[in-house]
Amino acid sequence: MLVLKFGGTSVANAQAILQIAAVLKEKTYPKNMMVVVSAMSGVTDMLVSCYQKAAQHDASYHEVIQQLETKHMEAIEQLIPHSYQIDVKGKVKLLLRELEDICQGVFLLDELSDGIKARIMSYGELLSSSVVSVAFNHQDLPNTLIDSRDYIVTDNNYLNAKVDQKKTFALIKERMADAALTIAPGFISRTETGKTSVLGRGGSDYTASIYAAALNAERLEIWSDVDGMYTADPRKVKAASSIKELSYKEAMELAYFGAKVLYPPTIAPLVAAQIPLVLKNTFNPSHKGTWITASPAAGQNSIKGVSCIDNIALITLSGSGMVGVPGIAMRMFKAVATQNINIYFITQSSSEQSITIAMADQEGQLALQALTKEFSQDIEVHDVDPVSLEPHMSIVAIVGNGMIQQPGIAGTMFSILGSHSINIRAIAQGATERNISIVVSGEDSVKAVNLLHDSFFLAKTEKQAEALA
């Protein structure tokens, strides 16, 4: 079994879908294949716009639905012979009428729950998979179309659902047809009570990973519009290059710290089954891409990449009354957790006088209020200082398994940034030494990433060239 996932840009229009068909035809693969597809590029945002407009009593959501219909009908007309269009056009129109009815309900009843949002967002993948399936049938790629909601079981956290892996794997093994080619929508799932849920933005990667693990696939291939995972974000660093091989843990670190080519939860189901993951470019299929395995070949550079998360808020809790007092950290994290705030970064001074955490900018004020309330009595008696908030920051991280065997990397990192007047507000390094993270002002993030990338990648390449000369 080979599982392939194609992202939004890979199914963006008729030309892109034909390119997927060409990729599949090149696969001289003796066993079954499964193709997982995202919604067409931009469609999920359009669906979010639909429910937002309906909730605001803005009837222009009808116009957005019309745009969705036009987008999918154009693809059908370019991909499928005229005499075969009626069935798939009918299915698309039926899905869009369902969508319109749900939005009309939101508009009239003034009710918009997370469950309704998830149901509306699910239509992107339902539409794209329907079009892709019929298009493939007319490209000599006969296939079976399935609905991922019939296989993937989750909890009731509708917009970022947690998969019940045991039940999901059992359903996949029990129900999956033995077809040469199966088409499945990504992103969408179903709660145990039968309601539609979704796996979070980027969740189609995760869908493909779940299928691959459950079916014990030979490998999972994720196809997008870039040549794998890069040494840095190529939009920020012109000298960035694709990485040939990574370990699972390195890839998880880079994905977590902003490498958008891979949705972070994707790797977890693959690790236990030891299934290789390959990141490939739909529009440059001859490129080898990035291979992610348990034991990648050793490279010349111990550092694999420089990543960055922008729009971060930094919150610091400090005070002399924290020293030697048990439970301070527990209270801090509990107060933030009750607001469902995700923490990206944690560091604590060895004197126990301060703890610093980082979260998304838009959650900074909420975290500040929660912590101020939790520690109000401590602040009143001056055991704890008023909680401080620093918005518009960025986390910059260097990642690599081999860093533990190479001394001086942290020193080099700090020296480079210090010599260019970039102030480091916080530092964190795990015991594995696979990741060194720093927090800098958002205004300095691009400069910091470029300086570190040039130092750890370009400078090393130049030295190697000199040694060979």
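This is a predicted model: local features need pLDDT of at least 70, side-chain atom pairs count only at pLDDT 80 or more; totals for chains, interfaces and linings use all residues.
The side chain of Thr356 makes a polar contact of 3.1 Å with the side chain of Thr316. Leaving aside residues up to four places away in sequence, Thr356 touches Leu314, Ile315 and Thr316, and also Phe345, Ile346 and Thr347.

## The antiparallel sheet

Strand E14 is part of an open sheet of six strands, arranged in the order E13-E14-E12-E15-E17-E16 with antiparallel pairing. Strand E13 (345-348) and strand E16 (426-429) are the edge strands, each pairing on one side only. From one strand to the next, the twist averages 30°. E13 and E14 run antiparallel and are joined by four bridges; Gln348 stands opposite Ile355 of E14.

Two helices pack on this sheet. Helix H12 (residues 364-374) touches E12, E14 and E15, and its direction makes about 30° with that of E12. Helix H14 (residues 409-419) touches E15, E16 and strand E17 (435-441), with its direction at about 15° to that of E17.

## Strand E12

Strand E12 (residues 305-318) is largely enclosed by the rest of the structure, because 12 of its 14 residues are buried. E12 pairs with strand E14 (residues 354-360) in the antiparallel sense over seven bridges, and the bridge partner of Ala313 in E14 is Met359. Nine bridges join E12 to strand E15 (residues 388-399), and these two strands also run antiparallel. In E15, Val399 is the bridge partner of Gly305.

## The mixed sheet

Another open sheet consists of eight strands in the order E3-E5-E2-E1-E8-E10-E11-E9, and its pairing is mixed. Its edge strands, each of which pairs on one side only, are strand E3 (144-145) and strand E9 (245-247). Helix H9 (residues 248-256) packs on the sheet and touches both E9 and strand E11 (290-293). The direction of H9 makes about 95° with that of E9.

Strand E1 (residues 2-6) and strand E8 (residues 219-224) pair in the parallel sense over five bridges, and Phe6 has Trp223 as its bridge partner in E8.

## Helix H2

Helix H2 (residues 43-55) contains 13 residues. From its first C-alpha to its last, H2 reaches 19 Å, close to the 18 Å expected at 1.5 Å a residue. Just after H2, His57 takes a positive phi of about 60°.

The buried residues of H2 are Val43, Thr44, Met46, Leu47, Val48, Ser49, Cys50, Tyr51 and Ala54. These buried residues pack against four helices: H3 (61-79), H4 (85-109), H5 (114-121) and H6 (123-137).

## Asn157

Asn157 is found in the loop between strand E4 (153-154) and helix H7 (165-175). With a relative accessible area of 38%, Asn157 is partly exposed. The C-alpha atoms of Asn157 and Ala448 are 37 Å apart in space, and the two residues are 291 residues apart in sequence.

Definitions and conventions. Residues are numbered from 1 along each chain as its sequence is written. Side-chain values use heavy atoms; hydrogens and water are left out. Buried means under 20% relative accessible area, exposed over 50%, partly exposed in between (1.4 Å probe, protein chains only). Two strands pair if DSSP finds at least two bridges between them. A polar contact is a pair of N or O atoms within 3.5 Å; within protein, one must be able to donate a hydrogen and the other to accept it, and residues adjacent in sequence count only if both atoms are side-chain atoms. Contact means heavy atoms within 4.5 Å. The expected span of a helix is 1.5 Å times one less than its number of residues. Axes are lines fitted to C-alpha atoms, for helices over the stretch in contact, and angles run from 0 to 180 degrees between N-to-C directions.
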